[in-house]
Amino acid sequence: MTAFLKLLARNRLALWGGVVLAVVIFLALITPLLPLPDPDVTNTADRFKKPFSEGAFLGTDHLGRDLLSRLMWGTRLSLAVGFAAAIIAATIGAAIGIIAGYYGGRTDNVIMRGVDMLMAFPYILLALAIVAALGPGLMNALIAVAAVNVPFFARNIRGITVGIANKEFVDAARLAGMSDARIILTEILPNVVPVIVIAMSTTIGWMILETAGLSFLGLGSQPPQADLGSMLGEARSALITNPHTSIVPGVMILIIVMAINLLGDGVRDALDPRLKSGALSRPMPATLVDRKHVPKPTGDGILALDDLQTQFHVKDRVYKAVGGVTLSVRPGECLGIIGESGSGKSVTALSVMGLVASPPGVITGGAVRFEGEDLVGAPYEKLRALRGNKVAYIFQDPLSTLHPLYRVGDQLAEAISSHRRISRADGRANAIELLKSVRIPNAESRIDSYPHEMSGGMRQRVGIAMALANDPDVIIADEPTTALDVTVQAQILALLNDLRRERGLAIVFITHDFGVVAQLCDRVAVMYAGRIVEEGVTGEVLAAPVHPYTKRLIDCVPELGGGRRVLAAIPGLPPMVDQLPEGCAFAERCDKAAPACRAGEVALVAHGTRAVRCIDPERAPRTEAAQ
Ligand code: ADP
Ligand code: MG
C-alpha cells in the first residue's frame, strides 16, 4: 500500500489531481455546515447579480438564487451520484464478469451475449431510453448511467478472469477441495481487484459527465434541486447575456473531471501489474557501467573476464552479486562454473554481454574481453552485433525463452535474420539444418511446431539450435539441463560436447551439478558469494578438492552404488550479498575457520593449474602438482 502511494506521488499530475479532488470532496462534505443561503429560495428582485456583488459571492441565477450555494450543493449531489453509479456499475459488472469468466462454457456464452446486446446500443441513447422508461428523476438517471456502464466492467473483468481461472494456483485450490464460491472470493477476486479499481478510476469522470448530461436535458435532477448538469441546463437561455451562470457550474465540472482523470491515470500506472513489472522503469539496452579503472588483461582465451564486478543498487543497499571474477575460456574448451543457487553464476554470465537489467544492475569494475577487445562499456551497437552472433546464450527454461505464438522455425529464422540478410526460403532451410544438427527427428515437419507442442527436452534443443544459429564462437549455457530428466540431459550434454569438438566452440557451462561438470567440462571454477574460490582441471578438482567449500560441496553429492553413507550437508546458509563479511565469505560455515580468515581479504592464489582462495587449504596443492 505504501509502495502504491509512493508510486502515485511520484506522478506529479496525479498528485495534483488527487489534491484538487480531495479539496472538492472535502468542501462537498462540509457544505451543510457552511453558513450558505438556502440554494432553492428564489428572489426575483435579485436575479442575475454579477459575481463578487454584495451578499452573493458568485452572483445569482435567473431566479435570484445564490450561485455559490447552488454550486456547493450541486457539486455534492453530482459527486454522490457519479461515485454511486461507478460503484454500482463496478460491482455488478465485476460480478457478471467473474462469473462468466470463471464458469466459462455455456454460462459465459449466455451472459456475455446479453452483455453484448446492451453494448450494441449507443451509450447515451440507451441511457435516454432507460430514463424514458423509468421516468425522469435523479435516482433513475443514476440507474441509467450505472446500467450503461455495466457491460464495460463485465467485459474487462471477464477477460482478466478467464486468464486467471486457468492458472495452476486455481487448480491447486480446486484440488484442495475448495468450493467455487471460496475460490472466487479468495483466489480470483484479489487478483482482479486492481483491474476493477483501475477501470473505475478511469470511468468515474465519464459517469459524472453522463449524469450531468442527463440532468442538462432535464431528465436527471428535477427543479428546484441543483446538480451541476441541471444548473448548466437552466443557465442555457442566459448564456450570452449572463455567462457567469453557465461558467460557474461549467468550470466546476471541468475541475472535477480533470482531477479525477489525472488521478485515475496515476492510479492505473501505479496499480497496473503490467506496468509494475518494469514498464515504468524500463531497463536500459545494456547494463550500466560505472568503473574506476580498467584492469590489465590476464587470460589469453577467446573470452576472458578480468576481475569483473557487478552489483545491484536498490535504494541505499548494494548487493555485490559478482565480486571480482576472473575467468577465461579458449576455443574448443568447456569451462564449468559451479556453485549454490544465489552464488552469482547467472549474473556473471549476463554481465558478459551487458544483459543484466539496469536499473538496478551496475558493472562497477573489471573487464570482459572478447578476442582481446574490452566489452564493458562498449557502445550498444557493438554489443548488439555480438549478442547471439559471436556470443550466444542458452537459458535454463526454454519455454520462457521461446515466443509462445510463433512457430519454432520462424523463431530460428529470426535469430539468423537479426544478424544477416537472408531470404525466407534460405531461412527455412537453415532452420531445418539447425534442428537436424541438434538431433531433432523429423526436422522438416517439426519446424512448423509451436513451442507448446514440444516436450521440455525438445524445446531445450531448439534453444541450443537458436544459440547455434549464427555459428557463434562462444556459448554461455546457464543451467541448460537443470529442468530436464537425466536421459535427456545426457543427450544434450553429448550434443554440446560434439558441437564444441566439431565447431571449436568455447563453452561456459553453468550448473550446480558435479556430475554434469565431470561429463562435459575441461576446467571448473567454483563460485561462492560472488567470487571464485577454487579453479582447476576438472578431474583434479573432483579428485582432490583443495578449498574447504569445494570439498564440502563434493561431499554433498550422493554416489550411485557407493553404498549408504551420511551425506554431509553444509551447515548454515550462504551470506547475503548485501552484507558480505570481512575476509572469507565461507568462514561462517567452515569448520576450519580461524581468526585470520575473518581478518581481511583472502586472495585467489595460483598453484600450477589450480587456483585457491583459502589461507588454510585442505591439502597443499603444490604436492599434488608435483606428483
Ligand atoms: P545463481 O548463482 O543462482 O545464478 P544469481 O547470479 O542469479 O545466482 O544471483 C546472484 C545474487 O544476486 C543473488 O544473491 C541474488 O539475490 C542477487 N540478485 C540477482 N538479481 C537481483 C536484483 N535484481 N536485485 C538485487 N539482487 C539481485
Ligand atoms: Mg542462475
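Predicted model: local features only at pLDDT ≥ 70, side-chain atom pairs only at ≥ 80, totals over all residues.
**Exercise 1. Describe the overall build of the protein chain, and set its radius of gyration against that of a compact globule.**

Step 1: Begin with the secondary structure. The protein chain contains 24 helices and 13 strands.

Step 2: Look at the extent. Along the principal axes, the C-alpha atoms fill a box of roughly 115 × 60 × 55 Å.

Step 3: Now make the comparison. For 627 residues, a compact globule would have a radius of gyration near 25 Å, whereas the protein chain has 34 Å.

Step 4: Of the 627 residues, 46% are buried.

Step 5: Finish with the contacts. Among those with a separation of 6 or more, 68% join residues 24 or more positions apart.

**Exercise 2. Work out which residues surround ligand 1 and which elements they come from.**

Step 1: Count the shell. Ligand 1 is surrounded by 13 residues, and the closest are Gly342, Gly344, Lys345, Ser346 and Val347.

Step 2: Six of its residues are nonpolar, five are polar and two are charged.

Step 3: Find the polar contacts, using a cut-off of 3.5 Å between N or O atoms. A polar side-chain atom of serine 346 is 2.6 Å from an oxygen atom of ligand 1. The backbone takes part as well: an N or O atom of lysine 345 lies 2.9 Å from a ligand 1 oxygen, and one of serine 343 lies 3.2 Å from a ligand 1 oxygen.

Step 4: Check the cover. On its own, ligand 1 has 560 Å² of accessible area, and the protein covers 67% of this.

Step 5: Assign the elements. Two or more shell residues come from each of β3 (317-329) and α12 (345-352). The largest share, three residues, is given by α12.

**Exercise 3. Is serine 215 buried or exposed, and what does its side chain reach?**

Step 1: Serine 215 is part of helix α8.

Step 2: Apply the cut-off. Serine 215 is buried because its relative accessibility is 2%, and buried means under 20%.

Step 3: Follow the side chain. From serine 215 it reaches the backbone nitrogen of serine 221 at 3.3 Å.

Step 4: List the surroundings. Beyond neighbours within four places in sequence, serine 215 contacts Leu138, Gly220, Ser221, Asp227, Gly229 and Ser230.

**Exercise 4. What is the geometry of the peptide bond from proline 223 to proline 224?**

Step 1: Most peptide bonds are trans.

Step 2: Read the angle. From proline 223 to proline 224, omega is near 5°, and the bond is cis.

Step 3: Proline 224 lies in the loop connecting α8 (180-216) and α9 (228-235).

Key: Residues numbered from 1 in each chain as written. Chains lettered and ligands numbered in written order. Heavy atoms only, no water. Near = heavy atom within 4 Å. Polar contact = N/O pair within 3.5 Å; in protein donor to acceptor, adjacent residues only side chain to side chain. Areas by Shrake-Rupley, 256 points an atom, 1.4 Å probe, with all protein chains shown as cover. Helix = DSSP H or I, 4+ residues; strand = E, 2+ residues; numbered from the N terminus. Nonpolar A, V, L, I, M, F, W, Y, C, P; charged D, E, K, R; others polar. Rg over C-alpha atoms; globule rule 2.2 N^0.38 Å. Buried < 20%, exposed > 50% of the residue type's maximum accessible area, 1.4 Å probe, protein only. Contact = heavy atoms within 4.5 Å.
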